[in-house]
Amino acid sequence: MDDTYLSINGLSKRFGSLSVIEDFSLQIAQSEFVCVVGPTGCGKTTLLRCLMGLAKADAGTILLNGQPLSLKESCVGYISQEDTLMPWLNALDNAAFGIKIRGTPRSERRQIAGKALDKLGLSDIASRFPREMSASQQKQVTLARALCAEPEILLMDEPYSQIDSTSRRGLWEDLLRLKAQTGVTVLFITHNVEEAVYLADRIVVLSDKPIVIKQDIRVTLPFPRDIADSAFIELRERVTEEIKWW
Amino acid sequence: MWHLATDVWHLTSPKLLPGPVKVFEDFIAKFSSKRSDGATLPDHTWSSLVLVLKGYFFGVLVGMPLGIMMGWSKWVRRFIRPLFDLLRPIPPVGWLPVVLILFGIGQEGKVFIIFFATLMPCVLNAYSGITQTGESLLTLAQSFGAGRVKQLFFVAIPSALPQLFTGLRTALSTSWATLVAAEMLAAQKGLGHMIQINRMNSNPSYIIVAMLVIGVTGALFSLVLGLAEKLLRRS
Ligand SMILES: Nc1ncnc2c1ncn2[C@@H]1O[C@H](COP(=O)(O)OP(=O)(O)O)[C@@H](O)[C@H]1O
Ligand SMILES: [Mg+2]
């Protein structure tokens, strides 16, 4: 492919004698929304941590636009599995936290963070602290924080797995809307097949560790998708069939 | 109750426990009188305050960064922790004999003891506060490109702030209590000295006056630190 944007080649990572990733390769095109599904503990988080440079890969190359990835650059947004809002900061300051680290001056970053919150419909809770927010509001603020740094690619690690299904629908819509507006590339890890089919341009099904791509499925259903649509259900069943062995 | 037991019912001898009226009269008189212990109440209080604040200042200045670095860097921890485990069980007043030999009965020695009384709570609280920083929060900062220094200042220290203040508060009350003990053993002035002398001179109402001043000043300290913490949180 020449339109490769993120290119992972021959990636390997082991913890002692446990080989989690072995000679793993994946190519992602610009503005693609890729969902990765795989069994618990197979190494999905490890894969993202390697991409972010938070864990050191033993072998392999990771290229973004043909360049090696570096954390200092602002083009990658990472949303981890854990809660990562600073409990001592309100929503606005949490949203501004990333660009504060990058050195954006106070008034400017407050303006940027305010806009990001606004985009996600969070203006009303700008002065709330994490403990005063619902779980889905916390996730949205986390997303706003990533957006402030204007990432070209978002790496999201099971972001909505703890959210109840009603609120999750709203989060999906927001994410798709942002994706359409900004053209950001997304690598999204999930357990939830319905979520993957709802969001993805492409679904990558992983094996247990060491991870191997078992299936690479292109999803061509038009947006907005309808979870009750027969084509949707058919695809959902197909992917579910793939992962039945878990 | 105190008033009833002493001045109204005369349950105890005024030589042992004077009534509140007498204590209040003596409190007022003591503002200008040097009777019995050689200095006025403001003199005693000021002398104690200056000592405590000096020792506290240096204790915080050394203890906070030391505790923070111990919590942050495993190298610092490896070298300094054994030393601290050794020193920790020694109560601050336990240094008194050493200090008396080194510095004599003067102010420096007591400043040194206060310094120690402050150092321990500062180091221990800062250390444990910093080590409790959430790993995922540090990783988050790292994902935005923060190196170790930015992680420390943007994540670890703000997250440890409540415990840093616990350290400051504990240190202040410990050093205040320690000062009184140190002054009771060796001093020519100060609230602890005032208690000691008046015990020997059988002047219980002055003892109570000194105790009250100690209590009130300690409470004021906590109040000031509480306010400082609130202000810092807001900014
Ligand atoms: N820092 C680490 N040290 C040792 N083993 C680890 C470490 N991180 C992850 N692992 C192991 O690697 C495997 C993959 O973990 P992870 O990437 O978190 O899985 P997933 O996100 O797919 O659930 C697990 O078996 C886990 O125990
Ligand atoms: Mg995981």
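Strand S2 (18-29) and helix H1 (44-52) of chain A each contribute at least two residues to the shell around ligand 1. Helices (H or I, at least four residues) and strands (E, at least two) are DSSP runs, numbered from the N terminus. The model is predicted: local features need pLDDT of at least 70, side-chain atom pairs count only at pLDDT 80 or more, and totals for chains, interfaces and linings use all residues. Side-chain values use heavy atoms, with hydrogens and water left out.

**Exercise 1.** Determine which element supplies the largest share of the shell around ligand 1.

*Solution.* Step one: the residues around ligand 1 (a heavy atom within 4 Å) include A:Phe15, A:Gly43 and A:Lys209. Step two: H1(A) gives the largest share, three residues.

**Exercise 2.** State the strand order of the open sheet in chain A and name its edge strands.

*Solution.* Strands pair if DSSP finds at least two bridges between them. The four strands run S2-S1-S4-S5, with antiparallel pairing. S2 and strand S5 (67-68) are the edges, each pairing on one side only. Two bridges join strand S4 (residues 59-64) to S5(A); A:Leu63 has A:Pro68 as its bridge partner.

Note on methods
Residues numbered from 1 in each chain as written. Chains lettered and ligands numbered in written order.
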